[in-house]
Amino acid sequence: MWPEARRAQVAAAVVAAALLGGSAAAFAFTEHLKLERSPVFRTLVGKQLGPNCRCRFRKIRIQFTLRKPDRLSVVVVDSDGKVVRTLLRSTVVRAGRQRFGWDGRDDSSQVVPAGTYKPRLHLAKEHRTILMPNPIRVDTTAPTIALVSLVPRVFSPGRAFRRNHVVIHWRASEPVQALLYVDGVLRVHWKRFIEKGRLPWLGTGLFAGRYHLVLRAVDRTGNLSSGVPLGVVRIRYVEVRPHVLRPLAGAKIGFRVIADARRIHWRFGKRRGKTGPGLLLLRAPKAGRYRLVVTVDGHAAEALVIVSPRG
């Protein structure tokens with residue numbers, strides 16, 4: 001029995017030595033992999049992509065540097081690892097900087113669904129497949145924006161006026177930049193990305209009249225919302241009523257001056273003066289045709305006075 005027991009002990013020692021040797025070899029190989037430099041470095045991948053927008057987010061950069069020449073393949077995969085776009089198919093490339101771009105479309109030129117995607121590289125000589133850790137978020141959903149309030153509906157641009165700008169309060173479905181279109185022309189672009197805010201419109205440089213306002217929003221990936229009609233806003237500087245008056249010579253006449261200013265200037269024949277808006281009382285001169293001119297901050301309104309002789 002002793003020789004058999006001895007043989008069993010020797011066999012166990014051999015097995016233990018083999019296991020220890022295998023573990024040591026595996027550890028050494030793992031440490032070698034840790035010390036070995038990656039064949040790819042200096043990666044640069046865009047984070048956000050809006051394929052439907054007309055902006056800088058319509059196409060993103062995918063860049064990296066190869067340490068050695070290799071036969072390279074570059075694809076974009078979805079969150080399940082499925083290839084949606086092939087950017088480079090098994091091509092021999094030199095060592096150095098590699099530059100690619102992706103427009104958020106698949107190999108059939110269709111926009112991919114919203115979601116997270118990653119570039120994947122295959123190096124044939126290295127027998128390595130590398131999934132780049134940089135996620136790309138594709139956003140194809142347009143935001144929504146809604147009007148909360150708009151005041152006033154009638155205003156007068158300029159420092160001389162009290163109600164000299166419009167304030168629009170809005171809210172959106174996500175952080176957006178608010179856009180205000182006036183008669184189809186973009187007049188205000190709020191640069192901050194926020195979910196709700198206050199959008200002022202000064203109306204600078206526009207003539208008196210009625211203007212149609214539309215509110216839109218653009219998100220971080222350039223998706224543009226539908227337009228939200230805000231109705232009509234009126235710019236008014238100064239008005240005189242009535243426009244025509246036919247008094248007798250020497251009669252008292254009155255005009256209503258409408259202006260959102262503290263002071264208005266008027267000129268009637270050889271007379272002139274300044275007063276507040278409201279009722280302007282004058283006396284008709286001798287028979288003839290006269291013009292009343294009222295001005296505020298360079299803006300003017302006129303009325304015609306046709307004076308008839310008495311008797």
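User: Why is E239 called buried?

Analyst: E239 has a relative accessible area of 16%, and buried means under 20% relative accessible area, with exposed over 50% and partly exposed in between (1.4 Å probe, protein chains only), so E239 counts as buried. This is a predicted model, in which local features need pLDDT of at least 70 and side-chain atom pairs count only at pLDDT 80 or more, while totals for chains, interfaces and linings use all residues. Residues are numbered from 1 along each chain as its sequence is written, and side-chain values use heavy atoms, with hydrogens and water left out.

User: Where is E239 found, and what does E239 touch?

Analyst: E239 is found in strand β17, residues 238-241, where helices (H or I, at least four residues) and strands (E, at least two) are DSSP runs numbered from the N terminus. Not counting residues up to four places away in sequence, E239 touches R234, R256, V257, I258 and A301, contact meaning heavy atoms within 4.5 Å.

User: What makes the pair of E239 and R234 a salt bridge?

Analyst: The closest N and O atoms of E239 and R234 are 2.1 Å apart, and a salt bridge is a side-chain nitrogen of Lys or Arg within 4 Å of a carboxyl oxygen of Asp or Glu, so the pair of E239 and R234 counts as a salt bridge. R234 is called partly exposed because its relative accessibility is 27%.

User: What joins the side chains of E239 and R241?

Analyst: A polar contact of 3.0 Å joins these two side chains; the term stands for a pair of N or O atoms within 3.5 Å, and within protein one must be able to donate a hydrogen and the other to accept it, while residues adjacent in sequence count only if both atoms are side-chain atoms.

User: How many salt bridges does the structure hold?

Analyst: The structure holds 8 salt bridges. One of them is formed by D107 and R85, at 3.9 Å from N to O, and this pair links distant parts of the chain, with D107 in the loop between β6 (96-102) and β7 (115-123) and R85 in strand β5 (residues 83-93), 22 residues apart.

User: Why are D107 and R85 called partly exposed?

Analyst: D107 has 48% relative accessibility, so D107 counts as partly exposed, and R85 is placed in that class because its relative accessible area is 22%.

User: What makes a set of residues a nonpolar core, and how many residues has the largest nonpolar core here?

Analyst: A nonpolar core is a set of buried Ala, Val, Leu, Ile, Met, Phe, Trp, Tyr and Cys residues joined through side-chain atoms within 4.5 Å. The largest nonpolar core has 48 residues, and those with the most contacts inside it are W170, L180, W201, L213 and L292. Strand β12 (residues 166-182) gives the most to this core, with 8 residues. A second, separate core of 24 residues includes V40, L66, F100 and W102.

User: How do you know that L282 is buried?

Analyst: The relative accessible area of L282 is 5%, so L282 is called buried. L282 lies in strand β22, residues 278-283, and among the residues that L282 touches are W266, F268 and L292, not counting residues up to four places away in sequence.
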